[in-house]
Amino acid sequence: MLGIIDYNMGNLASVYNACSKFTNDLKIVQNPDDIQKFDKLILPGVGAFKDAMEHLEKSGLKEEIIKFANSKKPLLGICLGMQLLFENSEEFGNTDGLALIEGKVIQFDRSKMNNLKVPHMGWNKAINKVNPLFKDLENPYLYFVHSFHVVTKDEYSIANTDYGYNFTSAVNKNNIYGFQAHPEKSHSNGLKVLENFINL
């Protein structure tokens, strides 16, 4: 069973509808006590890192998500949900994340942007490595909306995207996956990513 975590920060309906094309065995989950019942989890997210972490902590979901990740079952973070997987973010100061993957979240460096606008919004290419998340995909165009990006070890980066400079746009550490683009908004390419995750 696939669980999609509701912590008042996610674009739940669109993620749920996209995943429902590939499985009927899915559910939106709010209760921390239910987290461990699922075989796979998706942590979506739209908004501010600090607000998201406060919601996860107050609801009791933070501890259960970490426990789930440590159980070796697949976990996918999408957009803000991907950023939450890391140790900390500089958005609105410095806020600790879930620390499931080594690295941090930083703002786009405007000095390297060549007058490109922030947030990074629209279609862009993900130059991907071979990974189960990108099965049957090669350097797909995906839909992005974000002002911050992750900095992590090369070994965890499974895709890079160029927006003024190269940044990590997808990650994988063992059973934990992250995707900066919105697969639910990325048409057939994004749907294929979700299908690949569901089929892990």
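Colleague: Is Cys79 buried or exposed?

Modeller: Keep in mind that this is a predicted model. Cys79 is buried, with a relative accessible area of 7%.

Colleague: And Cys19, buried or exposed?

Modeller: Cys19 is buried as well, and its relative accessible area is 0%.

Colleague: How many disulfides are there?

Modeller: A search of the whole structure gives zero.

Colleague: Which residues lie nearest its centre?

Modeller: Gly47, Cys79, Val145, His146 and Ser147, out of 14 residues that line the largest pocket. That lining divides into seven polar, five nonpolar and two charged residues.

Colleague: Which helix and which strand each supply at least two residues of that lining?

Modeller: Helix 4 (80–83) and strand 10 (141–146).

Colleague: Another topic: where is Asn175 found?

Modeller: Asn175 is in the loop between strand 13 (166–173) and strand 14 (176–179). Asn175 is buried, at a relative accessible area of 11%.

Colleague: What does its side chain reach?

Modeller: The Asn175 side chain reaches the backbone oxygen of Lys73, at 2.7 Å. Setting aside neighbours within four places in sequence, Asn175 is in contact with Ala69, Lys72, Lys73, Pro74 and Leu75.

Key
Residues are numbered from 1 along each chain as its sequence is written. This is a predicted model: local features need pLDDT of at least 70, side-chain atom pairs count only at pLDDT 80 or more; totals for chains, interfaces and linings use all residues. Side-chain values use heavy atoms; hydrogens and water are left out. On a 1 Å grid over the protein atoms alone, a cavity is a set of points where a 1.4 Å probe fits but cannot get out, and a pocket is an open set with protein on both sides within 12 Å along at least five of seven lines; lining residues have an atom within 4 Å of a point. Helices (H or I, at least four residues) and strands (E, at least two) are DSSP runs, numbered from the N terminus. Ala, Val, Leu, Ile, Met, Phe, Trp, Tyr, Cys and Pro count as nonpolar, Asp, Glu, Lys and Arg as charged, and the others, Gly among them, as polar. Buried means under 20% relative accessible area, exposed over 50%, partly exposed in between (1.4 Å probe, protein chains only). A polar contact is a pair of N or O atoms within 3.5 Å; within protein, one must be able to donate a hydrogen and the other to accept it, and residues adjacent in sequence count only if both atoms are side-chain atoms. Contact means heavy atoms within 4.5 Å. A disulfide is a pair of cysteine sulfur atoms within 2.5 Å.
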